[in-house]
Amino acid sequence: MKKYGPVVFRLRLLASLQKIEIRNKLDKLNLHPGQPMILNAIHNNPGITQFELSQKMRVTPASIATSTKRMEKMGYLCKEEDPNNLRCKRLYLTELGERLNKDALKGIDEMDQKLFKGVSEEELESLVNIFDKLIINLAEIEKNETRLTKEELCEIVDKIKEKEENQND
């Protein structure tokens, strides 16, 4: 237990500092935590329903309904009735929502560049491999208590690796 203490402390500190930095960037954009992920999901899936969005983000439909209602009032997105199902609302970003999505992604990218300044490609690859092991280990221990199964987490890791391979091509 003692040998992991310095690593765990640094992971928690890093997560806290990153959370503070993200919060500062979001405040400047007048966004709440979670909203950038919603904006990006709608940007990548125009016309997605609230239910589909809740499944994609692994949150309750009520949570998405509350967030999208707030975001619609702020002018970030609009809801359009599905002509085939009038109870179903399709989500689309407004011009402001598209701009905020772009600005949020840019801010996160800038933060990531600062975070990994001076870290070599080899070190980044080692970090990825270590974190993959930690994710899988934690999923194995906590598989009955998490929303994600070990298989789902492994699938996420595989998708991350696939995405990285495609970016390197």
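1. D82 counts as buried because its relative accessibility is 8%, where buried means under 20% relative accessible area, exposed over 50% and partly exposed in between, with a 1.4 Å probe and protein chains only. This is a predicted model, in which local features need pLDDT of at least 70 and side-chain atom pairs count only at pLDDT 80 or more, while totals for chains, interfaces and linings use all residues. Residues are numbered from 1 along each chain as its sequence is written, and side-chain values use heavy atoms, with hydrogens and water left out.

2. The side chain of D82 meets that of R90 in a salt bridge at 2.9 Å, N to O, the term standing for a side-chain nitrogen of Lys or Arg within 4 Å of a carboxyl oxygen of Asp or Glu. R90 also forms a salt bridge with E52, at 3.9 Å from N to O, and this pair links distant parts of the chain, since E52 lies in helix 3 (residues 50-57) and R90 in strand 3 (residues 85-93), 38 residues apart. Helices (H or I, at least four residues) and strands (E, at least two) are DSSP runs, numbered from the N terminus.

3. Another salt bridge joins E21 and K25, whose closest N and O atoms are 3.7 Å apart; both residues lie in helix 1, four residues apart, or about one turn of the helix.
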